[in-house]
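User: I would like to learn how to read helix packing and charged pairs in a model. Could you take me through one case?

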Amino acid sequence: MNRSDVILELQLVPELLKQAEAIYVDAVSELNWAKHMLLTKEYEVIGEGHVTGKNELQRQAELWPYTKDLQKQVLQMEDAVEHTKVEFHFYKRKLENLQIIAKLMTIL
């Protein structure tokens, strides 16, 4: 990697990092919204009297038919958040590494 390559990367990577961070923030927001919808559905089902279980396991079993699609959506969104986090951290580390390379090039 020569000096011009480092300079070019240092100009490009911050924008890529910004985009990755925006995607990550959006994914977290969507996950929070999905969790809210799941909780709302659980309260709705409980309020309608569909849940009468004596212990937590019975209550979860009674909730399952009403919330399984939302629970699946939450799990999928949690996966999406983790994947976007990987991308964000990749560009963050890349920028840090490029900055170190640039400093070393000025020393040498």
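**Helix packing and salt bridges**

Analyst: The crossing of α1 and α2 is left-handed. Note that this is a predicted model.

User: How is the packing of α1 and α2 described, and at what angle do they pack?

Analyst: Two packed helices are described by the angle between their axes and the distance between those axes. Here α1 (residues 3-47) and α2 (residues 56-107) pack at about 160°, with axes 7 Å apart. An angle over 145 degrees counts as roughly antiparallel, so α1 is roughly antiparallel to α2.

User: How do the residues of the contact of α1 with α2 divide?

Analyst: Into 30 nonpolar, 5 polar and 12 charged.

User: Which side chain meets Lys94 in a salt bridge?

Analyst: Side chains of opposite charge can pair when their charged atoms come close. Lys94 pairs with Glu9 at 3.2 Å, N to O. Lys94 is in helix α2 and Glu9 in helix α1, 85 residues apart. At 29% relative accessibility, Lys94 is partly exposed.

User: What does the pair of Lys35 and Glu78 tie together?

Analyst: Their salt bridge spans 4.0 Å, N to O. Lys35 lies in α1 and Glu78 in α2, so the pair ties together parts 43 residues apart in sequence. Lys35 is partly exposed at 38%, and Glu78 is partly exposed at 29%.

User: Where are Arg59 and Glu56, and how many residues apart?

Analyst: Both are in helix α2, and because they are 3 residues apart, about one helical turn separates them. The structure holds 5 salt bridges.

Technical notes: Residues are numbered from 1 along each chain as its sequence is written. This is a predicted model: local features need pLDDT of at least 70, side-chain atom pairs count only at pLDDT 80 or more; totals for chains, interfaces and linings use all residues. Side-chain values use heavy atoms; hydrogens and water are left out. Helices (H or I, at least four residues) and strands (E, at least two) are DSSP runs, numbered from the N terminus. Axes are lines fitted to C-alpha atoms, for helices over the stretch in contact, and angles run from 0 to 180 degrees between N-to-C directions. Angles under 35 degrees count as roughly parallel, over 145 as roughly antiparallel, 65 to 115 as roughly perpendicular and the rest as oblique. A crossing is left-handed if the near helix is turned anticlockwise from the far one by less than a right angle, and right-handed if clockwise. Ala, Val, Leu, Ile, Met, Phe, Trp, Tyr, Cys and Pro count as nonpolar, Asp, Glu, Lys and Arg as charged, and the others, Gly among them, as polar. Buried means under 20% relative accessible area, exposed over 50%, partly exposed in between (1.4 Å probe, protein chains only).
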